[in-house]
Amino acid sequence: MKPIPLDRRKFLLGAGSLVLFAGLQPGRLWAAPEFCGYPFALGVASGEPAADGFVIWTRLAPRPLEENGGMPMLGVAVQWDVAEDPGFRRIVRKGEAIARPELGHSVHVEVDGLKPSRPYWYRFSAGGQPPSPVGRARTTPAIGEKPKQLRIGVAGCQHYEAGLYTAYRHLSQEPELDAVFHYGDYIYEGRGKDDKFVIDAAGNRMARQHVGDEIYTLNDYRRRYAQYKSDLDLQTAHAAAAFLMTWDDHEFDNNWAGENDQDGAPPEVFALRRAVAMQAWYENMPVRRAQFPTAQGIRMFRRIDYGRLLRVHLMDTRQYRSKQRCDPSMIGRKPCRPLDEQGPEQIIGDAQEAWLGEGLKEDFGWHLLAQQVMMMPYRYPENRAAGAINTDSWSGYPQARARVVDLIERRAKGNVIVATGDVHKHHAGVIPRDPNDLTSKPVAAEFVATSIASGGDGSDMPKGWENVLAENPHNVLFNDRRGYQVFDIGRDEWKTSVIAVDRITEAGGKKSVVAKLAVERGKPEIDKA
Ligand code: FE
Ligand code: CA
């Protein structure tokens, strides 16, 4: 292990804001790496597809759960290849990137120069070790083009302790995926009791527990991501398609809102935790340098266009939101705003609202609002008597919701679909113009995808929820099993397949299609497909 001092002349040539990304040598480079294990134990990922490329990602961690993933605090040169075929006979792009200790030895390469609307295969290698697993990603259709069909998976909420990622295994086998939208809760920050286990394929008990206590430091977050990313089903899903990543609350702290954590820590103290959580998120996600963390946070809201057929608005419902309204069922210690407090009330913030309004003006076959928490009003059976709402959802921000509903109505043409996660249940419904009249004119259809793992095995209908559909006339579907959704997007019809897995606390869970739903363009209603 011989550190090479940085060539000072080279450093000066590259000085400036590009130094981080220009592929120059960091201060200390590990010239002839001898890893203490296979360096690609966290797999690979891709994201941010464009017509001419995408991001490819990996992170060197030969011993994922050990300090620094088993890596020395040195930079490592990582080679990458992109090919037109899975056997890498036709390599079309290749290069080298530096895995830096400052970034948890992660590598983010923005590949360009590719052809639109086609699959590519990519892999990494380092230090003469066997190469990484091979990943696959599709470029988007060219700007202005209108493809006949697109296929986008939806997944999230993957509490590791709650069960196996069998749903990801099934998702990775879905044919012809253009991308997977991830609505967040990629990791969970807490620590459960020491009794979490699953039954493996051989019928044996296998512990499935978070390593370490609740996470606060950069190394804590890095290790939690490393533990999650060690899961082979998750790796297989990433290798199958580009992911459109967002975050929700658990990448930071349960139900955080802007400058507030859920326990009422002073904002300047939570800001420190938020900053390291953002850095760890960046390090572990296949995102562009536009999402690099800064003192102001990460600009996570952004768009991905698929020719003229689909515009995906990837949204951030956490970073700019006001504190949740006080809910009678909330414990007193949590910071909240009085229920009758009048604005200004934010869930996505002024800048993002303006950005969304601009984005909706442009003419696309469909606009997908890819976000996290339920936008439509909802009557919950559990707290019906108290008249309580889910204060962490858009229902807790009625003024902000009214502004966005208004934007959708004015700017779009009945071609807006909202994709949501968070509640660990499948729902499908419409967003009524008037939240107090669930049968009023709908402005958009909303598909809420269940969790990959959070909540455990679940059931089709939990006890006490039998009347949930009748009490929510704007809804057509409810299911409490684990799984994912797949959007088949055509020019005139949007189809959503709602997929459930029968068990995740035991290996071998089978998938089933709970429902196939359809929306006709221009008419925000949901029918059985
Ligand atoms: Fe969750
Ligand atoms: Ca959540």
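Start by selecting E174 and R151: both residues are buried, where buried means under 20% relative accessible area, exposed over 50% and partly exposed in between (1.4 Å probe, protein chains only). What you have open is a predicted model, in which local features need pLDDT of at least 70, side-chain atom pairs count only at pLDDT 80 or more, and totals for chains, interfaces and linings use all residues. Residues are numbered from 1 along each chain as its sequence is written, chains are lettered from A and ligands numbered from 1 in the order in which they are written, and side-chain values use heavy atoms, with hydrogens and water left out.

**First stop: salt bridges**

Stay with E174 and R151, and show their side chains. They meet in a salt bridge, 3.1 Å from N to O; the term covers a side-chain nitrogen of Lys or Arg within 4 Å of a carboxyl oxygen of Asp or Glu. By this rule the count comes to 41 salt bridges.

Next, select R273 and D253. Their closest N and O atoms are 3.4 Å apart, in another salt bridge. This pair links distant parts of the chain, 20 residues apart: R273 sits in helix 5 (residues 267-284), and D253 in the loop between strand 14 (243-245) and helix 5. Helices (H or I, at least four residues) and strands (E, at least two) are DSSP runs, numbered from the N terminus. Is R273 buried or exposed? R273 is buried, at 7% relative accessible area, and D253 is buried too, at 0%.

Now move to R503 and D502, whose side chains form a salt bridge at 3.6 Å, N to O. Here R503 is partly exposed, with 25% relative accessibility, and D502 is partly exposed, with 34%.

**Second stop: V468**

Select V468, which belongs to helix 8 (residues 468-471). This valine is buried, with a relative accessible area of 2%. Which residues does V468 touch? Leaving aside residues up to four places away in sequence, V468 touches Y378, R379, P381 and F478; contact means heavy atoms within 4.5 Å.

**Last stop: D527**

Finish with D527 in strand 25 (residues 523-528). D527 counts as partly exposed because its relative accessibility is 40%.
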